[in-house]
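Reader: I have a chain to look through and would like to take it step by step. Could you show it, then answer some questions about its build?

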Amino acid sequence: LTVFYGVVAIVVAYGLLQIFELDPFNWRLNYEGIIGNLGNPNFMSVVAALCAAIALIHFIESGLRNGDSYIHLFLFFSALTAVYFSKSTQGWIVFLISLAPWVYVRLKSISLLVSRLFILVISSAIIAVALALVQAGPLSKVLYEQSLSFRADFWRIAWRMAVDNPWFGVGIDRYQNYYREYKTLEQVRAVGAEDFSDSAHNLYLHFFATGGFPLGLLFLAIN
């Protein structure tokens, strides 16, 4: 836990510098939210959200009499601030999901009925979020991000690369060289001909696309 806190504290601290525009590096980014040193607001929000959830749980479990409780509380508020300024919905979803098992265990110790109702609420929420990610359901206008559509395009392109080059892929670290070649007319109309990506934004599909099915299956077996 100490190592985790130490690593995340560095990420969050750097993110807080970006909030106050004190970042020593002048990054050229196409994002609104802070990125810490992770290069992407989504990554930043997820890491900070995990830290916030763990810190909150430890704070509540340890109680105010424990000297470490104030460290947990400080990290909780710092990490949650980073989630907010990352401007990424994923962070809030990860924060709530991370708390859910702990809340369930606490509720189960109080009342079995209440814990079952909690499971019902969580299940309904998961279904609503899943529908929102494909632009359906009541939460679609709140949770859906255009970047999700782009990411799905990256995945489809990666799969087509793998299918067209099943043995060796398009070449290690050459996804970006073939990206525009595999874009469909619909994708060109949506994002323009100059749109570019150097990654499939999915590690497994990236290996299938750049190394073929043998490398992709080997990576799946290892993991």
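**Helices, core, pocket and salt bridges**

Author: This is a predicted model. The chain has 10 helices and zero strands. Along the sequence, its pattern reads α-α-α-α-α-α-α-α-α-α.

Reader: What percentage of the 223 residues of the chain count as buried?

Author: To count as buried, a residue must have under 20% relative accessible area. Of the 223 residues in the chain, the share that counts as buried is 35%.

Reader: Which residues does Phe76 contact, leaving aside its neighbours within four places in sequence?

Author: Phe76 is one of two residues that touch the most other members of the largest nonpolar core, and the other is Phe95. Leaving aside neighbours within four places in sequence, the contacts of Phe76 are Ala52, Ala55, Leu56 and Phe95.

Reader: How many residues are in the second, separate core?

Author: This second core is separate, and its members include Phe154, Ala158, Val170 and Ala200. The number of residues in the second core is 11.

Reader: Which helix supplies the largest share of the lining of the second largest pocket?

Author: The second largest pocket is lined by 14 residues, and Ile93, Leu96, Ile97, Ile122 and Ala125 lie nearest its centre. H4 and helix H5 (112-133) each supply at least two residues of the lining. The largest share, eight residues, comes from H4.

Reader: Is Trp92 buried, partly exposed or exposed?

Author: Trp92 lies in helix H4. Not counting residues up to four places away in sequence, Trp92 touches Leu80, Val83 and Tyr84. Buried means under 20% and exposed over 50%. Trp92 has 34% relative accessibility, so the class for Trp92 is partly exposed.

Reader: How far apart in space are Trp92 and Leu50, C-alpha to C-alpha?

Author: In sequence, Trp92 and Leu50 are 42 residues apart. In space, C-alpha to C-alpha, the distance between Trp92 and Leu50 is 9.7 Å.

Reader: Which residue forms a salt bridge with Arg106?

Author: A search of the whole structure finds two salt bridges. In the one with Arg106, the closest N and O atoms are 3.2 Å apart. The pair links distant parts of the chain, 45 residues apart, with Arg106 in helix H4 and its partner in helix H2. Arg106 is partly exposed at 39% relative accessible area, and the partner, partly exposed at 45%, is Glu61.

Reader: How far apart are the closest N and O atoms in the salt bridge of Arg156 with Asp153?

Author: Arg156 and Asp153 both lie in helix H7 (residues 146-164), three residues apart, about one turn of the helix. Arg156 counts as partly exposed at 44% relative accessibility, whereas Asp153 counts as buried at 15%. The closest N and O atoms of this salt bridge are apart by 2.6 Å.

Notes: Residues numbered from 1 in each chain as written. Predicted model: local features only at pLDDT ≥ 70, side-chain atom pairs only at ≥ 80, totals over all residues. Heavy atoms only, no water. Core = buried A, V, L, I, M, F, W, Y, C linked by side-chain atoms within 4.5 Å. Buried < 20%, exposed > 50% of the residue type's maximum accessible area, 1.4 Å probe, protein only. Contact = heavy atoms within 4.5 Å. 1 Å grid on protein atoms, 1.4 Å probe; cavity = no way out; pocket = protein on both sides within 12 Å on 5 of 7 lines; lining within 4 Å. Helix = DSSP H or I, 4+ residues; strand = E, 2+ residues; numbered from the N terminus. Salt bridge = Lys/Arg side-chain N within 4 Å of Asp/Glu carboxyl O.
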